[in-house]
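Here is a brisk report on one protein chain.

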Amino acid sequence: MPIPTYTLRPVTPADRPAMADLWVASWVKTLPEIDFEARRPWLETHLDTLAAGGALTCAAERDGVVAGFVVIHPGTGYLDQIAVAPAFWGQGAAEALMDEAKRLSPALVALDVNQENPRAVRFYQKMGLAVTGEGENPMSGRRTFRMEWRGTPAR
C-alpha cells in the first residue's frame, strides 16, 4: 500500500486552532496523566515566541486537513515541536515533517524527547537521530534524551 502524500507548507494564522487541537490530542494519547488541555494557552504563546525568535513552522496537510506540524529553528537546528494528529499516526505525516525539518536545517536537527515516550524515541532513531545526552523537561520534571541528526552543512 503506497504511503499517502502530504502538502508541506508554512502555517497560517487560520491553522492555529487545528494545530492546538492536534497537539492536545496527540499528547493526551501519549501521556494521558497530564492535563494538556490546560496547556493549550501555553502552546499559543510558545508558538508566537518561537516564531519571533526565527523558528519556522510547517504544516503537513492532506485533503485540506492539517495532519501535523513541525517547528524548527534553522539557525540553531533545534526542533522544538513536532505533533501529528492521532488519526494520522502511522501514515507518513511524521516522516514528511521530519524530512522537512532536515531540509530547513540541513546541518543539524536536535531535540529533547521524554525518556518515557519510547514510541517517539524509536521514531527519531528510525529517522537517523542518535541520543547525545540526557536532561529534564522544565515543565514536567520528567527525564529527557537529547537526540541529534547531523547532515551536510549548507554551502
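Glu 136 sits across from Arg 143 in strand E7. This pairing belongs to a predicted model. Another facing pair is Glu 134 with Phe 145 of E7. Strand E6 covers residues 130-136, and strand E7 covers residues 143-150. The two run antiparallel and are joined by six bridges.

Together E6 and E7 make a hairpin, with six residues between them. Gly 141 lies in the turn and has a positive phi of about 75°.

Arg 142 is placed in the loop between E6 and E7. Is Arg 142 buried or exposed? Its relative accessible area is 19%, and the cut-off for buried is under 20%, so Arg 142 counts as buried.

Which residues does Arg 142 touch, leaving aside neighbours within four places in sequence? Leu 31, Glu 33 and Ile 34 are among them.

## Strand E5 against E7

E7 also pairs with E5. The sense is antiparallel, and seven bridges link the two strands. Leu 108 faces Arg 150 of E7.

How enclosed is strand E5, residues 108-114? Six of its seven residues are buried, so the rest of the structure largely encloses E5.

## The whole chain

The protein chain holds four helices and seven strands. What is their order from the N terminus on? The elements run β-α-α-β-β-β-α-β-α-β-β.

The radius of gyration of the protein chain is 15 Å. A compact globule of 155 residues would have a value near 15 Å, so the two agree. The C-alpha trace spans about 40 × 35 × 35 Å along its principal axes. Of the 155 residues, 45% count as buried. Among contacts with a separation of 6 or more, 59% come from residues 24 or more positions apart.

The chain exposes about 8,200 Å². Carbon and sulfur atoms supply 56% of that area. There are 16 positive and 18 negative charges, and their mean positions are 6 Å apart.

Glu 61 lies in strand E2. Its contacts, leaving aside neighbours within four places in sequence, are Tyr 6, Thr 7, Arg 9, Val 66 and Ala 67. Glu 61 and Ala 93 are 32 residues apart in sequence. In space their C-alpha atoms are 8.4 Å apart.

Asp 63 is in the loop between strand E2 (56-62) and strand E3 (65-72). Most residues other than glycine have a negative phi. Asp 63 has 74% relative accessibility, and exposed means over 50%, so Asp 63 counts as exposed.

## His 46 in helix H2

Where is His 46 placed? His 46 is in helix H2, residues 40-52. Its relative accessible area is 18%, so His 46 falls under the 20% cut-off and is buried. Not counting residues up to four places away in sequence, His 46 touches Asp 80 and Gln 81.

## Buried and exposed sites

Three single residues can be set side by side. Arg 142 is buried in a loop, at 19%. His 46 is buried in helix H2, at 18%. Asp 63 is exposed in a loop, at 74%.

Conventions. Residues are numbered from 1 along each chain as its sequence is written. This is a predicted model: local features need pLDDT of at least 70, side-chain atom pairs count only at pLDDT 80 or more; totals for chains, interfaces and linings use all residues. Side-chain values use heavy atoms; hydrogens and water are left out. Two strands pair if DSSP finds at least two bridges between them. The radius of gyration is taken over C-alpha atoms; the globule rule is 2.2 Å times the number of residues to the power 0.38. Buried means under 20% relative accessible area, exposed over 50%, partly exposed in between (1.4 Å probe, protein chains only). Contact means heavy atoms within 4.5 Å. Accessible areas come from the Shrake-Rupley method with a 1.4 Å probe; for residues, only the protein chains shown count as cover. Lys and Arg count as positive and Asp and Glu as negative; His and the chain ends are not counted. The place of a charge is taken as NZ of Lys, CZ of Arg, CG of Asp or CD of Glu.
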